Amino acid sequence: MQPLTVEWIAKAEEDFAVGSRELARSESPAFNAVCFHAQQAAEKFIKAVIQERGIPVPAIHNLPVLAKVVDEGRAFELLRGDLAALSQLAVSSRYPGYFANRRAAKEAMDTAEQVRMICRGLLGLPI
């Protein structure tokens, strides 16, 4: 595995762990932060696959567009709507006018977990 792929995976796993820990908090969980870290984890997992395939990693954050780079998106076809929602949620949860709740944060982490499983599988890593 390429060294940069390993770095992408490490950073993705870190974001995934932060989101998971925060969602599990019983006192005052930061749901907005969970949404942001879920999106970041998904983005970095997808970018790890792109990196490993020797494709230049786009400097974008749009998950559906990134997913299309990986096998033209076939690996993520069933998640297309969820990826679009997670991309939007990561932006809206960082600015005034929207506050994520537990349900939104849980859905964000569920999507990130599905992306994690797909990408780790594509990279031949244990799930």
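Residues are called buried at under 20% relative accessible area, exposed at over 50% and partly exposed in between, with a 1.4 Å probe and protein chains only. The structure is a predicted model, in which local features need pLDDT of at least 70 and side-chain atom pairs count only at pLDDT 80 or more, while totals for chains, interfaces and linings use all residues. Residues are numbered from 1 along each chain as its sequence is written, and side-chain values use heavy atoms, without hydrogens or water.

Helices (H or I, at least four residues) are DSSP runs numbered from the N terminus. Helix α5 spans residues 102-122. Its 21 residues reach 30 Å from first C-alpha to last, close to the 30 Å expected at 1.5 Å a residue. The expected span is 1.5 Å times one less than the number of residues. Buried positions in α5 are Ala104, Ala105, Ala108, Met109, Thr111, Ala112, Val115, Arg116, Cys119 and Arg120. They cover an arc of only 160 degrees around the axis, so they lie on the same side of α5. The arc is that of the directions from the helix axis to the C-beta atoms. An α-helix has 3.6 residues a turn, so residues three or four places apart point the same way. The buried residues of α5 pack against α1, α2 and α4; contact here means heavy atoms within 4.5 Å.

Cys119 is in contact with Phe45, Ile46, Val49 and Phe76, leaving aside neighbours within four places in sequence. The charged end of Arg116 sits over the ring of Phe16, 5.2 Å from the ring centre. This term requires NZ of Lys or CZ of Arg within 6 Å of the ring centre and within 35 degrees of the ring normal. Glu107 counts as partly exposed because its relative accessibility is 40%.

Helix α4 has 13 residues and reaches 19 Å from its first C-alpha to its last, close to the expected 18 Å. Leu83, Leu86, Ser87, Leu89 and Ala90 are buried in α4. Seen down the axis, they fall within an arc of 165 degrees and so line one face of the helix. Their packing partners are α2, α3 and α5.

A nonpolar core is a set of buried Ala, Val, Leu, Ile, Met, Phe, Trp, Tyr and Cys residues joined through side-chain atoms within 4.5 Å. The largest holds 33 residues, of which Phe45, Ile46, Leu63, Phe76, Leu83, Val115 and Cys119 touch the most other members. Two or more residues come from each of α1 (3-24), α2 (31-52), α3 (63-69), α4 (80-92) and α5. Helix α2 gives the most, with 11 residues.
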